[in-house]
Amino acid sequence: MTDVTGTSNRGVAPRRKLPPAHRAAVARLQHDYAAIPPGSPVRLAKRTSNLFRFPGGDAAPGLDVSAFNRVLSVDPGSRTAVVGGMTTYEDLADATLAYDLMPLVVPQLKTITLGGAVTGLGIESTSLRSGLPHESVTEMEILTGDGRVVTATDDNEHAALYRGFPNSYGSLGYALALTIELEPVAPYVHLRHFHFGTPEACMDAVAQIAADGSYHGHRADFVDGTAFSLDEMYLTVGAFSDVAPWRSDYTRERIYYRSIRGPKEDFLTIRDYLWRWDTDWFWCAGALGVQNPVIRRVWPRRYRRSDTYRKLIALDRKYGFSATLNARRGLPSREYVAQDVDIPVGRGAEFLRWFVPHVGMSPVWLCPMRLRGTPLSKQPWPLYPLHPGDVYVNFGFWGTRSLPPGAGDGHYNRLIEEEVTALSGRKGLYSSSFYSEEEFWALHNGTEYATLKDDYDHQGRLAGLYEKCVRGK
Ligand SMILES: Cc1cc2nc3c(=O)[nH]c(=O)nc-3n(C[C@H](O)[C@H](O)[C@H](O)COP(=O)(O)OP(=O)(O)OC[C@H]3O[C@@H](n4cnc5c(N)ncnc54)[C@H](O)[C@@H]3O)c2cc1C
């Protein structure tokens, strides 16, 4: 039996779930992919990206994947959705909130896409309860590097691809449609901000919340935190709520991250909660002046979004405005340090006590997480191995640091890589990396990756993981 693409339908997504327009788009994409001359670079033509690596020069037009940027169906009965791989979480959340449901993990930035969060790993304040976004994917339709379209699940003949896809960054193939689990929501989130005077006390509280599912009687449906300094740290614990005595709105004059230091309690609608960090790109929009009250007033509200700021930073990186200005003023060069690292909770305080004197960026975002319901004996995600059952804290810091005399680009990022490995932690790959090839493959299961690459991209048409994430290809 053949499908619309003219190839065998073995391993192709079940047609009953995917509408004809989607199937036709898959056929077009396969055709476009086949038409790219061997040896030419392959990339996705997407309007947005949240990578903090800015690959240079190559003007390859990219594959048009705009047909995969929509939610295909939401089934409130089974609490699942079938979603195009390039659908932004903003669109996905809107489609599911209409049914009082949401994906189990919704990353903070509106234009992160489902496929991007699965292949590039995402995290959010539900991650202590619900793990990482890929753990609630039950099925993925993937255009593989060798040009096939396969359906990968945890228990079919493409199970190895299903497990190896997270943290592969599009180097094995592209996710075109994903089936995901959803969970019910309440209309509001009731936030409580808890202050800690030492990193040790803060990490102890994370461990306690992980064990109890609540803190001081407040249910921990959501948990994240913000460290302003070693003696001023907060954990924000959020509980779904059917009522809200008041509702804050941080898309106007007030700024969410500053509110954490203010009143200890807050209420947001579930939608405003999901995007609380997007309006000011956590705090990073401050570098663009958006948090200056005068500029904020004239900065149109619809452009107070992380994708606007990221485009401005990309332009700055491309044309070197701030580097030139810096040099003209005789100031030292600055290094971009934008990273998320996962550290076992028992060593989180040690990490912070190292980070402050050696890197010294503030604030730092904290997000506890734990693999979701994975049997303790099983390690199902080979390219980003975390210990099942263990609690980790994701530390996120994004900005620039001036380089000490004689130091070159990579100075701080390299220090961070070494410290994270020393603490048995892991570093995400969405930003710059400086690992040697040997070190990289030791950390990212090079043997398993080589097998997957051979099975799904035998000719190496897609750039490999090391080329993409370290060499920036
Ligand atoms: C300041 C900052 C803060 C961040 N904070 C968070 C955070 O708090 N939580 C979080 O979850 N993430 C965070 N990220 C990282 C972000 O989630 C990852 O960069 C993610 O991969 C971006 O997804 P995207 O959809 O924008 O993908 P893109 O940026 O477009 O692509 C990322 C990579 O994935 C590949 N890719 C994209 N779509 C697909 C697909 N459908 N199939 C296969 N491969 C694909 C691309 O080829 C590329 O290599 C942050 C990034 C920055 C810069």
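Tyr 250 touches Ile 255, Tyr 256, Ser 259, Asp 266, Leu 268, Thr 279, Asp 280 and Arg 296 once its neighbours within four places in sequence are set aside, where contact means heavy atoms within 4.5 Å. This tyrosine lies in the loop between strand 13 and helix 7 (256-259); helices (H or I, at least four residues) and strands (E, at least two) are DSSP runs, numbered from the N terminus. At 5% relative accessibility Tyr 250 counts as buried, buried being under 20% relative accessible area, exposed over 50%, and partly exposed in between, with a 1.4 Å probe and protein chains only. Val 149 sits 101 residues away from Tyr 250 along the chain, and the C-alpha atoms of the two are separated by 43 Å.

A word on the basis of these values. The model is predicted, so local features need pLDDT of at least 70 and side-chain atom pairs count only at pLDDT 80 or more, while totals for chains, interfaces and linings use all residues. Residues are numbered from 1 along each chain as its sequence is written, and side-chain values use heavy atoms, with hydrogens and water left out.

Zooming out, the protein has 16 helices and 18 strands. Its radius of gyration is 22 Å, close to the 23 Å from the globule rule for 473 residues, so the protein is as compact as a globular protein of that length; the radius is taken over C-alpha atoms, and the rule is 2.2 Å times the number of residues to the power 0.38. Along the principal axes, the C-alpha atoms fill a box of roughly 65 × 55 × 50 Å. Of the 473 residues, 55% count as buried. Among contacts with a separation of 6 or more, 71% come from residues 24 or more positions apart. The accessible surface comes to about 20000 Å², with 53% of that belonging to carbon and sulfur atoms (Shrake-Rupley method, 1.4 Å probe; for residues, only the protein chains shown count as cover).

The domain assignment gives domain 1 (20-184) and domain 2 (320-434), with bounds that come from an automatic or database domain assignment. The contact between them takes 28 residues from domain 1 and 23 residues from domain 2. Their C-alpha centres lie 25 Å apart.

Next comes an open sheet of 8 strands, in the order 14-9-13-12-16-17-15-18 and with antiparallel pairing; two strands pair if DSSP finds at least two bridges between them. Strand 14 (265-269) and strand 18 (426-427) stand at the edges with a single partner strand each, so one side of each is left without a neighbour in the sheet. Strand 9 (188-196) has 7 of its 9 residues buried, so this strand is largely enclosed by the rest of the structure. Strand 9 pairs with strand 13 in the antiparallel sense over 9 bridges, and there His 193 stands opposite Thr 236. Another 5 bridges join strand 9 to strand 14, also antiparallel, with Glu 265 as the bridge partner of Arg 192. Further along the sheet, strand 12 (residues 222-229) and strand 16 (residues 364-369) pair over 3 bridges in the antiparallel sense, and Gly 225 has Leu 366 as its bridge partner.

Helix 6 (residues 199-212) lies across strands 9, 12, 13, 16 and 17, running at about 20° to strand 13; the axes behind that angle are lines fitted to C-alpha atoms, for helices over the stretch in contact, and angles run from 0 to 180 degrees between N-to-C directions. Glu 232 lies in strand 13 and is buried, with a relative accessible area of 18%. Apart from neighbours within four places in sequence, Glu 232 is in contact with His 195, Phe 196, Thr 226, Ala 227 and Arg 261.

Strand 3 (residues 71-75) and strand 4 (residues 80-84) pair in the antiparallel sense over 4 bridges, and Val 71 stands opposite Val 83. Between these strands are 4 residues, and Arg 79 in the turn has a positive phi of about 50°. Strand 6 (residues 137-144) and strand 7 pair antiparallel over 4 bridges, with Met 140 and Ala 152 as bridge partners. That hairpin has 4 residues between its strands, and Gly 147 in the turn has a positive phi of about 90°. On strand 7 (residues 149-152), Val 149 and Thr 151 point one way and Val 150 and Ala 152 the other, and all are buried.
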